[in-house]
Amino acid sequence: MPKTYEEINERIRKGEAVVLTAEEIIDAVGKDGLEKTAKEVDVVTTATFGPMCSSGAMLNTGHSNPKMKMQKAWLNEVNAYAGIAAVDLYVGASELQQNDPANSRYPGEFNYGGGHVIEDLIARKDVLLKATSYGTDCYPRKELESWINLEDLNEAVLVNPRNGYQNYNVAVNQSDKTIYTYMGKLLPKLGNANYCSAGQLSPLLNDPLYRTIGIGTRIFIGGAQGYVYWNGTQHDPTVARNKNGVPMGGAGTLAVVGDMKQMSPEFIRGVSMTGYGVSLAVGLGIPIPILDEEILKFVSVKDSDILAPIVDYSHDYPNAINNALGMVSYEELKSGKIQVNGKELPTGSLSSYRKAREIAAELKKQVSKGDFLLQEPIQNLPLDTKFKSLKMREGKND
Amino acid sequence: MTKKKVLLKFPQNGVSKPFTYRLIKDYDLIVNIFKARVTPEETGELWIELEGSDDRIKKGLDYLKKERIEIIPLEKQIERNRETCTDCGACVSLCPSYAITMDRKKWEVNFDKKKCIACELCVDACPVKAIKVNF
Ligand code: SF4
Ligand code: SF4
């Protein structure tokens, strides 16, 4: 008998909901089977904690006296986008400090950037705001320098136009020199392999066809309660899938949003990828309601059922050559070694499975205690869009 | 028999003397070289492991000290800050000596300083800069 969101929320409110993490559900289904478990379990919690460059903070600083229409702005010397309303600012996670030498001293260290500004704000550290403008009759001020703190801002909203990637590449390096990528440091001649997914704990791998995760879904983001507001950028639901519906490469993505004032630095971290740039690691957790047996079957997905393509990041990836060196399961990746072209490679990960577990457990606690209710999506994520490459052209078409 | 890993820092012009030969010949030590480097200023750095009796290792090191070579015990070189580390695992696949390992039950990353040969491969791979080289 299928359950409804309302029935599940009623049980959550009463503190009676049965909640398991996406790891625990595997054993439960193994022991009791789908039918019995679907009746007993109300919610399964999923989570991930990894770097996501497509992140930023939308801030409103309030007005100075005299007032100012900020035209250019910096937060701790990191460029913030001010081409919006007078005292609205947007700081992107991968923005650099003004004087960062970037990769001119290769590999660049990228010690501090937008991701770190966001982390510092959430940690309630003072951040130095500098702004310049041309001055108008209504906003005469031309220069501003002031310390600001998250507490004093009117709004501070974390926006992630792309998060929760449903599966991803495994990165290797076939060249004969070390390379530095957004997938980490890759040693020459297939010296190591890096992956970046929580596998069986990861939200969209537990809801491969987006039956419960959609626009309006309430989520755990960086310690706060937030929402999915759209499909993520590069959402690519039409990639090849295995018989269980699990995509065999990067597929769906989520655009998510949450209030920074409710977040904790424990679940939001600025990161520096040597030779690549700055980013932000974001803790994301999504509860999945067990409405019926099909959904239960999806959430009982195991690492061994999820395959990812092995991609060369020295040549194939940068040159947009679609060529997987092989497929590998998360079970193999998490064993610490995989085989590529007959060679054994040690594996490393960019997303923290320990943190993902912590978030899944925290979300389980909140739902069990009645502090976190489920929100039914108001619109489903698209299942038919395709991620396109840029078609470069010299001539203007219109 | 004990093993001791040290980083030897040679003064200018000291690089060309046959120190390792002396350690082997005169002090009967097994010398294992992990890494050697001559800086642009012509000073040298040698990462080695000495194997022998405690007494002979001590005498060998005393000899090096007399030759004005700076001796830094290597166990203290690479430090991972447990607080800032997120246990992501980005460093795990880089370590050639199994000093960094993933506990695949707890999914925590362990650092075994005794196994570290201070190759520094992991240092720039940490996204939260939790790994530091301490000289
Ligand atoms: S310095 Fe080298 S040996 Fe030491 S922990 Fe790092 S990678 Fe391993
Ligand atoms: S790369 Fe850094 S944060 Fe990740 S496990 Fe290693 S020391 Fe910890």
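Modeller: Before we start, a residue counts as buried when its relative accessible area is under 20%. And keep in mind that this is a predicted model.

Biologist: Okay, what share of the residues in chain A is buried?

Modeller: Of the 398 residues in chain A, 55% are buried.

Biologist: How many helices and strands are there in chain A?

Modeller: Chain A has seven helices, plus 22 strands.

Biologist: What about contacts in chain A, how much comes from residues 24 or more positions apart?

Modeller: Those pairs make up 73% of the contacts with a separation of 6 or more.

Biologist: Switching to the surface, what's the accessible area of chain A?

Modeller: About 17,200 Å², with 50% of that on carbon and sulfur atoms.

Biologist: And the charges, how far apart are the mean positions?

Modeller: They sit 2 Å apart in chain A, taking 42 positive and 47 negative charges.

Biologist: Now the partner. How much area do chain A and chain B bury between them?

Modeller: About 2,000 Å², and carbon and sulfur atoms carry 50% of it.

Biologist: Which residues in chain A lose the most area to chain B?

Modeller: Lys185(A), Arg269(A) and Arg354(A), together 29% of what the chain A side buries.

Biologist: How many residues does each chain bring to the contact?

Modeller: Chain A brings 32 residues and chain B brings 24.

How values were computed. Residues numbered from 1 in each chain as written. Chains lettered and ligands numbered in written order. Predicted model: local features only at pLDDT ≥ 70, side-chain atom pairs only at ≥ 80, totals over all residues. Heavy atoms only, no water. Helix = DSSP H or I, 4+ residues; strand = E, 2+ residues; numbered from the N terminus. Buried < 20%, exposed > 50% of the residue type's maximum accessible area, 1.4 Å probe, protein only. Contact = heavy atoms within 4.5 Å. Areas by Shrake-Rupley, 256 points an atom, 1.4 Å probe, with all protein chains shown as cover. Lys, Arg positive; Asp, Glu negative; His and termini not counted. Charge placed at Lys NZ, Arg CZ, Asp CG, Glu CD. Buried area = accessible area lost by both parts, 1.4 Å probe.
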